[in-house]
Amino acid sequence: MTILWIIERLLVKPIEGSNPDVVITADWRCNGIDETYSGTCYGSCSFASPSGEFTPYDQLTEQQVLDWCYANGVDQAAIEANISLQIENQINPPVVCPPNPWVSVVEAVQPTE
């Protein structure tokens, strides 16, 4: 299975103290794919005002913002486990919906020429 984390959008304060373009929220998505099956989970993570070292907006990397998300409550392992379970449940459904036993199943017959 392949797992891919993506930052889809950043919400930014134009000025926070003396810092320009301060990221306050990141919208993230985690996608998983296993051959023909897939799962996804998405959410948002908010951040406190920066203290100490500040990275200018145009120097941020997607991995850096993902690391902020993980450090601020986004449980990477739990989300990836959820995606794995979504895919497993598609491969081996835990609940199925067969026809009611009292209803006759009608099979379509192809017309002959």
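Trp5 is buried, with a relative accessibility of 9%; burial here means under 20% relative accessible area, exposure means over 50%, and partly exposed residues fall in between, with a 1.4 Å probe and protein chains only. The model is predicted, so local features were taken only at pLDDT of at least 70 and side-chain atom pairs only at pLDDT 80 or more, whereas totals for chains, interfaces and linings use all residues. Residues are numbered from 1 along each chain as its sequence is written, and side-chain values use heavy atoms, with hydrogens and water left out.

Three aromatic pairs are present in the structure. In the pair formed by Trp5 and Trp28, the ring centres are 5.3 Å apart and the planes stand at 45 degrees, so this pair is tilted. Trp5 belongs to strand E1 (residues 2-16) and Trp28 to strand E2, so their pairing ties together parts that are 23 residues apart in sequence. Rings of Phe, Tyr and Trp (its six-membered ring) are taken as paired if their centres lie within 6.5 Å, with planes under 30 degrees apart called stacked, over 60 edge-to-face and the rest tilted. Strands (E, at least two residues) and helices (H or I, at least four residues) are DSSP runs numbered from the N terminus. Trp28 is also buried, at 6% relative accessibility. The rings of Trp5 and Tyr70 have centres 5.3 Å apart and planes at 85 degrees, so the pair is edge-to-face. Trp5 is in strand E1 and Tyr70 is in helix H1, so this pair ties together parts that are 65 residues apart in sequence. Tyr70 is partly exposed, its relative accessible area being 21%. Trp5, Trp28 and Tyr70 are linked by ring pairs into a cluster.

Side chains of opposite charge can pair when their charged atoms come close. Three salt bridges were found in a search of the whole structure, each defined as a side-chain nitrogen of Lys or Arg within 4 Å of a carboxyl oxygen of Asp or Glu. One of them joins Glu8 to Arg29, with the closest N and O atoms 2.7 Å apart. This bridge links distant parts of the chain, as Glu8 is in strand E1 and Arg29 in strand E2, 21 residues apart. Glu8 is partly exposed at 46% relative accessibility, and Arg29 is partly exposed at 21%.

Asp27 and Arg9 also meet through their side chains in a salt bridge (2.7 Å, N to O). Here too distant parts of the chain are linked: Asp27 is in strand E2 and Arg9 in strand E1, 18 residues apart. Asp27 is buried at 12% relative accessibility, whereas Arg9 is partly exposed at 48%. A salt bridge also joins the side chains of Lys13 and Glu16 (3.0 Å, N to O); Lys13 is partly exposed at 35% relative accessibility.

The largest pocket holds about 320 Å³ of space. A pocket is an open set of points on a 1 Å grid over the protein atoms alone where a 1.4 Å probe fits, with protein on both sides within 12 Å along at least five of seven lines; lining residues have an atom within 4 Å of a point. Its lining comprises 16 residues, of which Phe47, Ala48, Pro50, Glu53 and Trp68 lie nearest the centre. Strand E2 (19-34) and helix H1 (62-71) are the elements that give two or more residues to this lining. E2 gives the most, with three residues.

Key:
Points joined across faces, edges and corners; volume = space filled by probe spheres on them.
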